Amino acid sequence: MTDTSHPTACLALADGTLFYGFGFGAEGIVEAELCFNTAMTGYQEIMTDPSYAGQIVTFTFPHIGNTGITPEDDEHADPIAAGMVVKWDPTDASNWRSTQELGEWLSARNRMGLGGVDTRALTRAIRNQGAPHVAMEYRADGKFNIEALVAKARDFKGLEGLDLAKDVTCAQNYTWDEMRWAWPDGHAKRSEAGFKVVALDFGAKRNILRCLASAGCDVTVLPATATAEEVLAHKPDGVFLSNGPGDPAATGTYAVPMIKDVLKQSNIPVFGICLGHQMLALALGAQTVKMNHGHHGANHPVKDLETGKVEITSMNHGFTVDSQTLPEGVVETHVSLFDGSNCGIRMADRPVFSVQYHPEASPGPMDSYYLFERFVEHMSEQAKTSA
């Protein structure tokens, strides 16, 4: 066990509240927004999810580290979350697929962790005051300049108005053919011809691209700043708008005009997830707002208003679509049963739809994979109409 009699890490909230514990991973200082995640599995997928750019994640489940690190499970080449806060020492890995311990992986990827913290108290603080601005420091000698650390937390500008998609998007176009993991072959490659899908990378998770490939899509990924002309030059059967970090209104300065032009110039199906959902809503005339503490977890109940079905979903977002601003011709399809916030929309007269949650289930339940199949069905129907 780690000796916690001499703290080696400190988390400072902008209001001056301090949480001491032990550090693991890489030493240093980082400023970010603090959120909490209630998932019981998938800490590696969470840390490598590009949607967590600019955020430190507090894990409410205490057994972090127990499955080690498996490169196949990365959602991005490197951890994107700024850091992690956990209750206990990272548990030793016990998983036949694991290749590395959590602490070693964080250290090699220049990310820090803070353990030995009362994560229940920290979670209550986040819920009560909203996602706070924080600074976290790990020093092996335990010598902190608390005044300077609190000042760094107060100087952090927050995520509102920030376009972070440009920081995590791909640098150039590429194709994707890897499918979902399955025993015993792992991630098989797609070999059959499928519907041509252009995926806009605002911070796309790899498992979303795998789900598209598994559902029957030949995927070409374009950077977040791609124009409608660049998208349509690929003559796609469908367009996918990915998840991603930051303020959708900020990313929307260039993404929304692209989406509007795609909708204006073609009648092809469009499917969006998370940030892609929010920017589709902006393109259709709605507005987005910052949430108090967001939705982060793998146990969020969502109701399909058109079927009455309740799905248990993965979520990761700090902004939401204001359903009161949805224009005529745009139908609200899903809502959160936690707080009634919007979780899905569709155009009434076109094969264009999106959801706030993560149907790729990485991590999380598989209730919503049907949405990828729905996207493919829309492309199939469109192909028959055009034939």
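Is Phe 24 buried or exposed? In this predicted model, where local features need pLDDT of at least 70, side-chain atom pairs count only at pLDDT 80 or more, and totals for chains, interfaces and linings use all residues, Phe 24 is buried, with a relative accessible area of 8%. Residues are numbered from 1 along each chain as its sequence is written, and side-chain values use heavy atoms, with hydrogens and water left out. Here buried stands for under 20% relative accessible area and exposed for over 50%, with partly exposed in between (1.4 Å probe, protein chains only). Phe 22 also counts as buried, at 4% relative accessibility.

A search of the whole structure turns up eight aromatic pairs. Rings of Phe, Tyr and Trp (its six-membered ring) pair if their centres lie within 6.5 Å; planes under 30 degrees apart are stacked, over 60 edge-to-face, and the rest tilted. Phe 22 and Phe 24 make a tilted pair, 6.2 Å centre to centre with 40 degrees between the planes.

The pair of Phe 271 and Phe 375 is tilted because the ring centres are 5.5 Å apart and the planes at 50 degrees. Phe 271 belongs to strand S14 (residues 270-273) and Phe 375 to helix H10 (residues 370-386), so this pair ties together parts 104 residues apart in sequence. Helices (H or I, at least four residues) and strands (E, at least two) are DSSP runs, numbered from the N terminus.
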